[in-house]
Amino acid sequence: MTSFAPESSPSTKTPVVVMNKIRRILFVVHRYAPYPGGSENYVRDMAEEMKSRGHYVAVFAGEHRGNFNGVVVSSEPMILQDQWDLIIVHGGDVGIQNYVLKNSDRLGGPVLYMLILPSNSPQCVEALHKVAYIGCSTLADWRHVQAYKAQDRAVRVRHGINGKTSVGRTGFREKYGITTPYMFLSSGGYWPNKAFDELVGVFKKTNRTDVTLVLTGYDNRHGIMPPDEAFVRSFLFTERQEMLNALLDADLYILNSYSEGFGLVLLEAMLNMTPWVARNIAGAELMREYGATYTTPAELELYLQLFRSVTGTHLLEAQKYVVSTHLVKNTVDDILRILAT
């Protein structure tokens, strides 16, 4: 284990022995696919990648629709007492994850607590010193475990996306009547942390009439989806492909969130060769050389005001970076490497 593992770490090759031994892996998440959402999609991608390698995989989820794509999915707590080579908990501060973290020393296998979004809550801090492994992906993750002197349990687990299912198709602008020369995009659930209202306000201050700002989300339970107005369009999409199509057609992706586990959409943007600008948090801080970051709304306003286009080798290099280091196969490589040590 290590307290810090840079992106260029030479230890990223997976030992062959890991791939040849069948492992029993249990994922823990509050809600599982086919429900939409970042957690749902990420855990599904990890579980299905793990299963494709011949390992036995199951998911313990609070909300689900039964077994999915060959992966066993259960909400029965007794599954935690089965024998597992590794129990992987996706984040904390959610009921079912907190339950597993609290009881991590009484389960059927060692627990890997993937921080996702570092938390100072008593439950999550306690877990740092109880679980067998702490999965770190961002600089914020590493700083967090060091602050709580838990770096002896920290391991590198990179965030990754499914390269086959994260590709957009052209035609979004034509389908939805986006006729301005430029289209900016921001996506996610319509949650307060996404700061969509603030983004709309910043965009309007630019007074640009050659850009349409498109917002997409899969959930509006808080009722905060911004209304359509001049040069601003909001969509509620339950099909992820529609968002990916918008991403491919966009001239710029904007991540204005105040908190993110990583910001997997930035990886999706780079895979689709779409430039991005993001608040300097989580994955954006880690990958800032492939995009642009800001810390204040005023900085974002200036960036949007001056933005025209990004083309050429920069986008290609960003895409290569994702393909070589941040696909879900890289994530699973990192997880299996834990079991080889």
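Helix α7 (residues 196–205) packs against helix α11 (residues 297–306) with the two axes 9 Å apart and an angle of about 50° between them. Axes here are lines fitted to C-alpha atoms, for helices over the stretch in contact, and angles run from 0 to 180 degrees between N-to-C directions. That angle makes α7 oblique to α11, given that under 35 degrees counts as roughly parallel, over 145 as roughly antiparallel, 65 to 115 as roughly perpendicular and the rest as oblique. The model is a predicted one, so to speak of local features takes a pLDDT of at least 70 and side-chain atom pairs count only at pLDDT 80 or more, while totals for chains, interfaces and linings use all residues. Residues are numbered from 1 along each chain as its sequence is written, and side-chain values use heavy atoms, with hydrogens and water left out.

Helices (H or I, at least four residues) and strands (E, at least two) are DSSP runs, numbered from the N terminus. As for handedness, α7 passes α11 in a right-handed crossing; a crossing is right-handed if the near helix is turned clockwise from the far one by less than a right angle, and left-handed if anticlockwise. On the α7 side, E198, L199, V202 and K205 meet P297, L300, E301 and L304 of α11, where contact means heavy atoms within 4.5 Å. These residues split into five nonpolar, no polar and three charged.

L267, M270 and L271 in α9 meet A318, Q319, Y321, V322 and V323 in α12. The tally for this contact is seven nonpolar, one polar and no charged.

Now for some single residues. Q97 sits in helix α3 (residues 95–102) and is buried, with a relative accessible area of 0%; buried means under 20%, exposed over 50% and partly exposed in between (1.4 Å probe, protein chains only). Leaving aside residues up to four places away in sequence, Q97 touches V28, V29, H30, V89, H90, G91 and G92. A polar atom of the Q97 side chain lies 2.9 Å from the backbone oxygen of H90. Between Q97 and S119 there are 13 Å in space, C-alpha to C-alpha, and 22 residues in sequence.

R31 belongs to strand β1 (residues 24–31) and is buried too, at 12% relative accessible area. Its side chain reaches the backbone oxygen of P36 at 2.8 Å. Not counting residues up to four places away in sequence, R31 touches P36, E40, E63, Y218 and R221.

A cis peptide bond, with omega about 15°, joins A33 and P34, and P34 lies in the loop between β1 and α2 (38–52). F231, in the loop between β9 (211–217) and β10 (232–236), has a positive phi near 65° despite not being glycine, and is partly exposed at 33% relative accessibility. M273 lies in the loop between α9 and β12 (276–279); its phi is near 60°, again positive in a residue other than glycine, and its relative accessible area of 35% makes M273 partly exposed.

Notes
Nonpolar A, V, L, I, M, F, W, Y, C, P; charged D, E, K, R; others polar. Polar contact = N/O pair within 3.5 Å; in protein donor to acceptor, adjacent residues only side chain to side chain.
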